[in-house]
Amino acid sequence: MVSRSALLALVALLAVGLAPVSARQLLDADEVEKAALLPNGGYKNDKPLIGILTQSCHYCPGRSYVAAGFVKWIEAAGGRAVPIRFYTSDDELHRLFNAVNGMIFPGGLTDIWLDDPYVIAARKLWTWAKEANDAGETFPIWGTCLGFQLLHILEANVSFPDLLVRTNSVAHASILEFTDAAAESTLFAGAGKALMDKMASPEYNITMENHMFGLPPPNYKKYPILEKTFTILSTTVDRNGIEYVSTAEHKHYPFYATQWHPEKPPYEFGMHEIPHSLDAILVSQHLANVFVDKARYSSHKPESHEEELVMLIYNTKPYFTLKDSVMDPSYDGPDMTYFFDSKTDVPDNALAAPHRLSTSFRNRVYQPNGDAALRSSWSEY
């Protein structure tokens, strides 16, 4: 007699087999595995470690933080997250780089001036990644939102007020206007026409924009190095009709950039505008699969199993920041957050002197009752 559990398993298999193509896994796992097993082309690891560059805290219990949505996004594709503190020593930064298989420059609200410590740390990691890829290694980098902007700033080597313009795109579920290059790109070649059509349709609005600055397409010509190194895969228009680049990938390295947030639909629920439809989840999962699968071709590894365990983000307790309200009062506060190091170590900023005017990115843009002259000067950018 067939057991009840066996019958349930059979029903589940039949359900997957009969599901419409748009609801199945978008990457063909058999084809991916087949390619990976080819001589001299196989996976170098099957449980990749992905570094996430932490960002500075202002009003929160730590010196830096990582939004948990990025950790979950990595995990959903079979990877594990490693926090990379932007203020760590060069030796430690390089040790961690050699131990992880890919890197995320996440979205957030930190300063991205060329001489800011965060940008300096990112430039080191970005340079080492280029050198590793040039030497035959595989090391992918993903940039989301502010991370998208950071990848372009590093390449163009210009200050962000010169590169970016103001956009009205906070809490803006929108569309991607694909370029001709998108269909054959690394990011979207496996997505399928049906899902790409939905990403491009205002009937669905399944891509989540959440930013106050954008990169106008003409700036690719203004700074020719961008046109030489990046391929624009999509643009998007903000609420005021301003067009900006929304997706790009590097022509020579496995570097990928989305101005929008693929990690938010499955894991962020505090902002009502975030789409949570099956299609939005499929887009998120597809891009996570593409990125983490690329990291499986990296041969980087920790020096020991003990080191690996110590590196993992699981050594840090996540906070339910949507409920506890311990994050910066801003439009981009994550639902859940990992904080690192004592808040007494925080550099001089609003946490240490809440009534003192700061020159940080956060206070220039997001403090509603800040100095009027400072807000006026900032609005010029």
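A residue is called buried here when its relative accessible area is under 20%, and exposed when that area is over 50%; partly exposed residues fall in between. The model described is a predicted one.

By that criterion, strand 1 is mostly covered. The strand spans residues 49–53, and five of its five residues are buried.

Strand 1 has parallel pairings with two strands, strand 4 and strand 5. Strand 4 covers residues 80–84 and is joined to strand 1 over five bridges. In this pairing, isoleucine 52 stands opposite proline 83. Strand 5 covers residues 102–105 and is joined to strand 1 over three bridges. Here isoleucine 50 stands opposite glycine 102.

Four strands take part, in the order 2-3-14-13, and their pairing is antiparallel. The edges are strand 2 (55–56) and strand 13 (318–319), each of which pairs on one side only. Strand 2 is joined by two bridges to strand 3, residues 64–67. Across this pair, glutamine 55 stands opposite tyrosine 65. Helix 3 (residues 68–76) packs on the sheet. The helix touches strand 3 and strand 14 (337–340), and its direction makes about 45 degrees with that of strand 3.

Within the sheet, strands 3 and 14 run antiparallel and are joined by four bridges. Valine 66 of this pair stands opposite tyrosine 338 in strand 14. Strand 14 is covered on both faces. Thr337 and Phe339 are buried on one side, and Tyr338 and Phe340 are buried on the other.

Threonine 321 lies in helix 14, residues 321–324. Its relative accessibility is 5%, so threonine 321 counts as buried. A polar atom of the threonine 321 side chain lies 2.7 Å from the backbone oxygen of proline 334.

Helix 5 runs over residues 117–134 and has 18 residues. From first C-alpha to last, the helix reaches 26 Å, close to the 26 Å expected at 1.5 Å a residue. At the start of the helix, a side-chain oxygen of aspartate 116 reaches to within 2.9 Å of the backbone nitrogen of tyrosine 118. Tyr118 is also one of the buried residues of helix 5. Others in the buried set include Val119, Leu125, Trp126 and Trp128, together with the alanines Ala121, Ala122, Ala129 and Ala132. Lys130 and Asn133 are buried as well. The helix is followed by glycine 136, whose phi is positive, near 100 degrees.

Positive phi values also occur in residues other than glycine. One of these is asparagine 157, with phi near 55 degrees. Asparagine 157 sits in the loop between helix 6 (146–156) and helix 7 (160–163). With 48% relative accessibility, the residue counts as partly exposed. Alanine 171 likewise has a positive phi, of about 55 degrees, although it is not a glycine. This alanine is found in strand 7, residues 165–174. Alanine 171 counts as buried because its relative accessibility is 15%, and the cut-off for that class is under 20%.

Lysine 251 occupies the loop between strand 11 (243–250) and strand 12 (255–258). The relative accessibility of this lysine is 45%, so lysine 251 counts as partly exposed. Leaving aside residues up to four places away in sequence, lysine 251 touches Glu227, Lys228, Thr229, Phe230 and Thr231. With glutamate 227 there is a polar contact: the lysine 251 side chain reaches the backbone oxygen of that residue at 2.7 Å. Isoleucine 232 and lysine 251 are 19 residues apart in sequence. In space, their C-alpha atoms are 10.0 Å apart.

How values were computed: Residues are numbered from 1 along each chain as its sequence is written. This is a predicted model: local features need pLDDT of at least 70, side-chain atom pairs count only at pLDDT 80 or more; totals for chains, interfaces and linings use all residues. Side-chain values use heavy atoms; hydrogens and water are left out. Buried means under 20% relative accessible area, exposed over 50%, partly exposed in between (1.4 Å probe, protein chains only). Two strands pair if DSSP finds at least two bridges between them. The expected span of a helix is 1.5 Å times one less than its number of residues. A polar contact is a pair of N or O atoms within 3.5 Å; within protein, one must be able to donate a hydrogen and the other to accept it, and residues adjacent in sequence count only if both atoms are side-chain atoms. Contact means heavy atoms within 4.5 Å. Axes are lines fitted to C-alpha atoms, for helices over the stretch in contact, and angles run from 0 to 180 degrees between N-to-C directions.
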